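Reader: I'm new to reading structures, and I'd like a close look at just one part of this one. Could you take a single chain and walk me through it, including whatever touches it?

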Amino acid sequence: MTAAIAAVGLGKQYGRNWALKDCTVEIPSGRICGLVGPNGAGKTTLLNLAVGLLAPTEGRIRVAGGAPAAGPEQLGKVGFVAQDTPTYEGLSVADHLRLGEAMNPTWDRDLASERVATLATDLKKKAGNLSGGQRAQLALTLAVAKRPELLILDEPVASLDPLARRDFLRSLTAYVAEVGVSVVLSSHLVADLERVCDYVVVLVQSRVQLAGDVDEMLATHRRIVGPRRDPASLPSEQTVIEASHTDRQSTMLVRTSAPIHDPAWQVEEVSLEDVVLAYMGGTAEASTTGRPTLEVAQ
Amino acid sequence: MIWVSWRQFRSNAIVGAAGLVALTVVLLLTGIHLEHLYSTFKAERASCTLSCASLRQNFLDNYRHVRLLGSVLVGVPAVIGIFWGAPLVARELETGSFRLAWTQGVTRRRWLATKMALVGLASAAAAGLYSLAITWWASPLDAVNNNRIGTALFSQRGIVPIGYALFAFALGVVAGLAFKRTLPAMATTLVGFITARGLTEFLLRKHLIPAKNATFALTSSRGIGFNLSHGQFSLSPNGSSFPGAWTTGSKIVDASGHAPTAAFIQHACPDLGRFAAPPGAHAMPAPGSVDRAFSHCIQTIGARYHEVVSYQPASRFWALQGMETAVFVIVAALLLAGCFVLIRRQVA
Amino acid sequence: MIEFHLDSRSGVSPYLQIVQQVRHGLRLGMLESGEQLPTVKDVVARLAINPNTVLKAYRELEHAGLVTARQGVGTFVTGSLGPTPIGGHGPLRRDLEKWLAKARRAGLDDESIEALFRDTFRFESAQDIA
């Protein structure tokens, strides 16, 4: 199966600054993949490159098997909801649907009107007068009604209140359940993605720090607490991701392929957020200490 | 995609159409009356004996205020460039809606081409209709004045306003793409348009077709003048050519193309210093008392020198209109082609 | 029909929570044979979770012989979980008591015994599924 997004050595330069540099990443299709990373990690740049709004300065990127925005066919394969969900302020909701229909040969009119009906808003209302949540839903409608193979969403819920956020994710997941589309969505908040995503890519300073299946990540990571101990003395099947020590105690987040039997350790389960933060945190020292990065093969 | 472009342009189009309709109504009502006045004037002129000049002036004084609509036409292309051209892409870039537009199932190139074609055609149509209406309305006045070529009227008549409008529109679009912001694009469009128009008006137009030359003998009736500067005399040509023509240059030369030297003038007209006005005055007329001496002086100079006048005859009005329109349309096309290069580069 | 809910602080992964809720419903008689489970789309639209999570839970239940998926119709309860036979409890409880005594002798306090049990238990069930 072709990857949803596959980039090799991808870079984008603005003046003297690199918004993304030497980024190599592969996001599998058929998943809801969360692209997580701190602000400035290059998430938006990567996604804009993927939909062809930007042209790379260096490197290559293939999206749903084709070059980004290479032609009408490729544009039809990829649906995009941009950051802050831009719409045409002066155009009504109905105008937007007509616009989508006029600009997309694969437009599904029934799907669009069905989705807009759940928005509970006047079709004649101007997009500029919609609430943030409604506007995001409208942008999502435009992106899904063209029946893409891959749906890319850039921080879709960042600016929404909790209720609108949940509604948005509900309608996104319901759509995915119905048509089985690949999804890549970015967020700087792991909590937004925890339930929605089954695959996570953590991007820090253009580098993939962690990429893999969420369930597998949760099953293989543990936090262990016990008397102070040198991380190097742990069994070989345990890899330390993050460690902190007091003079008596050691707390470590480890990746392990087997249960931890050592009675000295108090073993705790970790949340996705714990895992992601552990891989994200202290990446500055990653190169010097040789902190491992994880690639879970799928 | 045509619908999308139309929907986004609709409110602008309505404003433009409303303006054109109002203009047409005013010009139609006054224009019909003006036609009527013109036929009356022609009948009176055929039989006039004494007050022909004031009859003419009276006719030309009709609808002075409506005539200002012709001057307004000069600004119409600039308005089109600023309000239709500059925001065309710049507003999309500014508001971020390009991220919506460019990720639909239509290529960026087709999106741009459709918008350009629709709004560009509207620009040409608006300026063309305006010019058509004014040209028709003013035709009686222009016929009497016989001054459509070589004056500011040239750019308020015929087809050149279409070229200007297309150029201003293209300038606006390309500036919008270059600056990615509407306001700087608007300012650039205005400045660029005024510059281009000024250069055309004062430098380019008279060279579009090589000027014709006419040679006039120097006689006292042709009324050439003498200039005195730094104690030396020179001749200033009369400069008039033919009725309705546009004089683009004139000079007094001999058979080999040389102008008379100050020494020659002094020699031919030894009495010049006597009836010279105080230093600094120029184009001194010949007062009655020195008429004879002056005639002699001109005769002496005229034996060797003659006046050459370069001009564009009135009959070249449409040829010049066509040339100038073509120049502006070609430049507009080049600018629009440049937009496709710009939009392919990264924009966000 | 059963309605699922998720406790995001339980530390139990969402798909396991769904599996547990179905088992619980069967055991308590809230779900009966022939009854339909909510469609994947309905669950997803209600909980805003990944559809694969629901599919995984339903597959797991199918594997355990508790439900059957009918193509294009939905997922139906076909098995049952009667109350666990009491007969099996006695010996198991005695084994556990022995193990607890062993753990205490080894110096483990109540919290660490609980943590050890929980972790081993979860790891085992995760292994079973994987």
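**A close look at chain A**

Author: Let's start with one residue: Glu155(A) counts as buried, with 23 C-beta neighbours inside 10 Å. Keep in mind that this is a predicted model. Glu155(A) sits in the loop between β6 (150-153) and α6 (162-179) of chain A.

Asp22(A) is not a glycine either, yet its phi is positive, at about 50°. This time the residue belongs to a strand, β2 (residues 17-27) of chain A.

Now zoom out to the whole chain. Chain A is built with 10 helices and 14 strands. Its radius of gyration is 21 Å, close to the 19 Å that the globule rule gives for 298 residues, so chain A is as compact as a globular protein of that length. Of the 298 residues in chain A, 49% are buried. Look at which parts of the sequence meet, as well: among contacts between residues at least 6 apart in sequence, 70% join residues at least 24 apart.

Next, the partners. Of the 2 pairs of chains that touch, A and B have the most contacts. There, 27 residues of chain A are in contact with 18 residues of chain B. On the chain B side, α1 (2-47) and α4 (98-101) each give two or more residues, and α1(B) has the largest share, with 3 residues. That side of chain B is made up of 7 nonpolar, 8 polar and 3 charged residues.

With chain C, the contact takes 21 residues from chain A and 22 from chain C. Helices α2 (40-47), α3 (51-63) and α5 (110-129) of chain C each supply at least two residues of the side that touches chain A. The largest share, 7 residues, comes from α5(C). This side of chain C splits into 12 nonpolar, 7 polar and 3 charged residues.

What about chains B and C? No contact joins them, and their closest C-alpha atoms lie 25 Å apart.

Notes. Residues numbered from 1 in each chain as written. Chains lettered and ligands numbered in written order. Predicted model: local features only at pLDDT ≥ 70, side-chain atom pairs only at ≥ 80, totals over all residues. Contact = placed C-beta atoms within 7 Å. Helix = DSSP H or I, 4+ residues; strand = E, 2+ residues; numbered from the N terminus. Nonpolar A, V, L, I, M, F, W, Y, C, P; charged D, E, K, R; others polar. Rg over C-alpha atoms; globule rule 2.2 N^0.38 Å. Buried ≥ 20, exposed ≤ 12 C-beta atoms within 10 Å, placed from the backbone.
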